[in-house]
Amino acid sequence: MRRRDLAPSHPTRPASRPAADRAPAIAEPPSPAPPLLIAALALGFALRVAASAIPPAGLWGLDTLRHLPPIAAVAIVLLAAAGFAPPLARAIERRLDALGAAWERAGARGDLAVAIAAGLTLFFMRDTVRFTGDFETRLSQLAQAAPMAVIFPQASPLDRLVNVGLTRLVMSLGAEPEIALQATGALMGALFAMASLALIRAAGASRAMLPAAAAVVLGGGYMLHFAGYDKFGPLLVGIALGCAGAVRLARDGRGAWQLGAGSAICVLAHRSGYALLPAAAVVFVRALRGAGDQRARLHLFAAAALVAASAAAVLTQAVHLLRTLDRATHLAGATVSGGATPLIHALDLVNLLGFVAPLWLAGAAAAWLVRPGPTPAPAPSRFSLAPAAWLAIGAELALVAVIRGRQGAARDWDMHTGAGLIVTLASAAALVAAWRRHGARGALAPALTTALASSLALWAIHTTPAAALSRIEDALSRRAAWTDATWARAHDFLGLRALREHRTTDAIRALSAAVRVAPNPRYLFELGLAELEAGDDSLALRAFERAVARNRRFPDAWMGLAIVAYGAGDYTRALACADSGLSYSPGRADIRTVRDRALDAIAGRARGISGSIRE
C-alpha cells in the first residue's frame, strides 16, 4: 500500500467559502449565561427602583432615582430594562461585540482613548453643591492659600502633592481654584481609567466582554469623587494599578512593578492604604513560589522592597493620626457617633455598596459561579487570587464597619471609596471569569445597561443642584439615621449655602435647626448673621449674646455684637465689643474695620457737639 493511499479523501485545506460564510466571528457569545447571573443583575437594579419608588427609611444609597424629574427617572429605568429584553439584548450584544473587537485590536491606544474621554467628561461634570466630605473646606483652603498643614494636618504626602501642589500649579497658570481642582481630579480619573482597563484586560476580558466590564468599573459611584474633589483620587489610582499588577502576576508571572507601585501609592496617598498591604503580601509570596527564574524573583523582591520603604516612610504619621484624630473622631464608639445603632451601621454598609459599587450583587453571584470546582477554567493561571481578593475585601469592609465619618455616612461616603472600588474591581474580575467559564450570552447586555443606568442616576444627582439639595433634605428628614452632631452639621451647611445666595428665610430655618440640637458658638453666630440680613436686629443680638455666653473667647461673636451696636448708633458699645474681639484675635482685619468705623463715628459725633457749642 502506498503512502498516498492513506491520505484522507477530502482536501486538507478547506475550499473557499462564500463571503457570507467568512464573517469574522459570530456576533454574540456562543453560550448562554447562567440564570443566576442575570437574576442578580435584575435584582440589583430592581432594589434601586423599589427604594426610589417607595423609599424605606435610610436607604440613601439606593434611592438615587427618587429626586430626579419623573421623565428622567423613567428613561433611566427603561435603559436598564432594555438589557433584559431578549430582542434588544441580542442587538446590544452584537454592537458590543463589534465595538469590543475594534477596541481589542486597538490595544493600549484604545484604552488611552477611553481614558482621555473619561478625563474630559469628568472635567465638565461639576458639583456646585459640594456637600460631600470636606469638599467645600478644601476649595476654600485653595482660594485663601491657607497652609495645608494647618487646615488638614492629617493629609498624606501624596494628597498634598497632587491635590494641593498640582492644583496650585494649575492656578498659577490663571485658573480659578474650582477649575484647577476640577482639572486635577480629571487627570487622576483618566489615570484611574487606564489602570482599571489594564486590570480587566489582564482578567481576560475580550471582544464584547471588554466594553461591558469597562462599564461596570467606570460606572461606580467613586467616579463622582474625581469630578472636582479628588481627596482620595491618588488612593483609587493606586488600588486600580496594584490590582492590575496582582492579576497579571497570577496570570503570567508579570506585573510585579505594577503591584509594587500601586501598593506604595496606596500607603502614600492615605493611611487606609495600610489595610491592603496584607493582601499585597499574599500575592507577592505566591508569585515568588511560582517564579520561574532568578530575574523574576529579583523583580518581585525589589517591588516588595518599594512597598516596605513607602510604608515605613509614613508609618509614624499614620500611627499618630490613628491615636489622635481617628481614635477621637472616626472610630466607632467615639462620642460623635455615640447615637448610632448597629442597625444604622448595617444600613450604612448597604448604602455605601449601593452607592459606590452598584453592581456588587452581580459580582457576588459571579464569584459564587467561579468558585473552585470540577469545571476547569478556560484560561490557565499560575495561582489563584481568591485568598488575596477576599483578604482585601474583608479588610476594607472592616474599615467600613469601624470607621465613622463625623458628618454621617450620607455625607462622608467618600471615606469608603476605597472599599467600594475593591468590591467593584473584584466584581468585574469575577464577572469576566464567569462569562468566560459559563457563557455570557444574555448577561453582557444587562450588565452594560444596569451599569449605565446606575451611573446616570448618580451623575444626574451630582450635576443637578435641585436634585442634590432635595436628596439632602430628604435624608435629613429621617432624623433617626443621624446623630445630633451630624444632623446639625448638615443643617449648618444648608444654612450657609442659603445665606450666600441671600435666601434668608431658608438660612434662618436651617441654622435654627442646627442651633436647636447643637447650640455651639459658631452656629449661633451664623444664625445672628442671617437674622441681621433679614433685618431683625433684636434676634441677631440675642444670637450673638448666646454665642458670647457659650465662649467669651470667640471673636466672631464679639464682632457680631459690635455690628449690631454700630447699626443702633451705640458707637461706644461697638468700640468696646470690637476691642474685645481683637483681644482674642489681634490679626482680624474685619473686626478692626468695625472698630475703625466706630472710632470715626465717635470722633464725628464729638466734632458735631463741639460745633454746636461754638454756635
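1. His 502 sits in the loop between helix H21 (484–500) and helix H22 (504–517). The model is a predicted one. His 502 has a positive phi of about 60 degrees, although it is not a glycine. Most residues other than glycine have a negative phi. At 59% relative accessibility, His 502 is exposed.

2. Arg 130 also deserves a look. Its phi is positive, about 60 degrees, and it is not a glycine. Arg 130 lies in the loop between helix H4 (108–124) and helix H5 (135–144). Arg 130 is buried, with a relative accessible area of 15%.

3. Arg 130 forms a salt bridge with Glu 136. Their closest N and O atoms are 3.2 Å apart. Glu 136 is partly exposed, at 21% relative accessibility.

4. The salt bridges number 18. One network links Arg 497, Glu 501, Arg 503, Asp 506 and Arg 509. Within it, Glu 501 pairs with Arg 497, with the closest N and O atoms 3.4 Å apart. Glu 501 is partly exposed at 37%, whereas Arg 497 is buried at 10%.

5. Glu 526 and Arg 522 form a salt bridge too, at 2.9 Å from N to O. Both belong to helix H23 (residues 521–534) and are four residues apart, so about one helical turn separates them. Glu 526 is buried at 7% relative accessibility; Arg 522 is partly exposed at 36%.

Note on methods: Residues are numbered from 1 along each chain as its sequence is written. This is a predicted model: local features need pLDDT of at least 70, side-chain atom pairs count only at pLDDT 80 or more; totals for chains, interfaces and linings use all residues. Side-chain values use heavy atoms; hydrogens and water are left out. Helices (H or I, at least four residues) and strands (E, at least two) are DSSP runs, numbered from the N terminus. Buried means under 20% relative accessible area, exposed over 50%, partly exposed in between (1.4 Å probe, protein chains only). A salt bridge is a side-chain nitrogen of Lys or Arg within 4 Å of a carboxyl oxygen of Asp or Glu.
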